[in-house]
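Please open the model in your viewer and keep the sequence panel beside it. The tour moves from the whole chain to single residues, and each stop says what to select.

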Amino acid sequence: MSIFNLPYITFTPLRSIGPFTAQMTIEEISIDDLEITDHPVQEGASITDHCFVKPPELTVQASFQPDFSTDLNEIYANLLQLQASRQPFSVTTGKRAYKNMLMQSLIVDTDKTTENVLSIRVRLRAIRLVQLEVTTTSVAPKSQQKNPNVTGSIDKAGQKSALPATEEQ
């Protein structure tokens, strides 16, 4: 119990990059784009056939400070290891939770004001994971097809040679 006779309350950090939680998040930039084709669209046609939603992108600028169990080199090495693993992970920002993110780039900024902290800029992008299903089909026998010359399977017709072009008058 606490000094106010209330049960202890544990706050989960609101921001994380995979298993890492920075001590300070300076900036988060989220990009949600819709890719629109340049092809002409017939009036009255379904517009959704001519555009698609791109995977979300996120840029996070954050700072890590060393603690008793880890130093800055170890934190940086672990971030590089997460990037090199190429395994999707979750990212939580103040506005949204992202799944299946990959670290596109990891930029470290060191100057006189950030010498004793790990100041990073991380660019992340979601990867679309899908489940594929394989099916097999068979072509009906030619005797059951209405127009087998158009819908039938290709017969082995032997070797073919190109013929010279002839002029038509």
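The stops below begin with the chain as a whole, pass through the sheet and its helix, and end at individual loop and strand residues.

This is a predicted model, in which local features need pLDDT of at least 70 and side-chain atom pairs count only at pLDDT 80 or more, while totals for chains, interfaces and linings use all residues. Residues are numbered from 1 along each chain as its sequence is written, and side-chain values use heavy atoms, with hydrogens and water left out.

**The whole chain**

Colour the protein chain by secondary structure, and you will find two helices and eight strands, where helices (H or I, at least four residues) and strands (E, at least two) are DSSP runs numbered from the N terminus. Along the sequence these elements follow the pattern β-β-β-β-β-α-β-β-β-α. Of the 169 residues, 20% are buried; buried means under 20% relative accessible area, exposed over 50%, and partly exposed in between, with a 1.4 Å probe and protein chains only. The accessible surface comes to about 14100 Å², of which 53% belongs to carbon and sulfur atoms, the areas being computed by the Shrake-Rupley method with a 1.4 Å probe and, for residues, only the protein chains shown counting as cover.

**The sheet and the helix across it**

Select the six strands that form an open, antiparallel sheet in the order β1-β6-β7-β8-β5-β2; two strands pair if DSSP finds at least two bridges between them. β1 (16-17) and β2 (24-31) stand at the edges with a single partner strand each, so one side of each is left without a neighbour in the sheet. Within the sheet, β6 and β7 pair in the antiparallel sense over three bridges, and zooming in on Phe89 shows its bridge partner in β7, Met101.

Contact here means heavy atoms within 4.5 Å, and the axes are lines fitted to C-alpha atoms, for helices over the stretch in contact, with angles from 0 to 180 degrees between N-to-C directions.

**Two residues with positive phi**

Next select Arg86, in the loop between α1 (72-85) and β6 (89-92). Arg86 has a positive phi of about 55° although it is not a glycine, and at 67% relative accessibility Arg86 counts as exposed. Then move to Asn100 in strand β7 (residues 97-109), where phi is near 55°, again a positive value in a residue other than glycine; Asn100 is partly exposed, with a relative accessible area of 29%.

Leu34 lies in strand β3 (residues 34-36) and, at 47% relative accessibility, counts as partly exposed. Finish with Val41, in the loop between β3 and β4 (51-53), which touches Ile47 and His50 when residues up to four places away in sequence are not counted; Val41 is partly exposed, with a relative accessible area of 33%.
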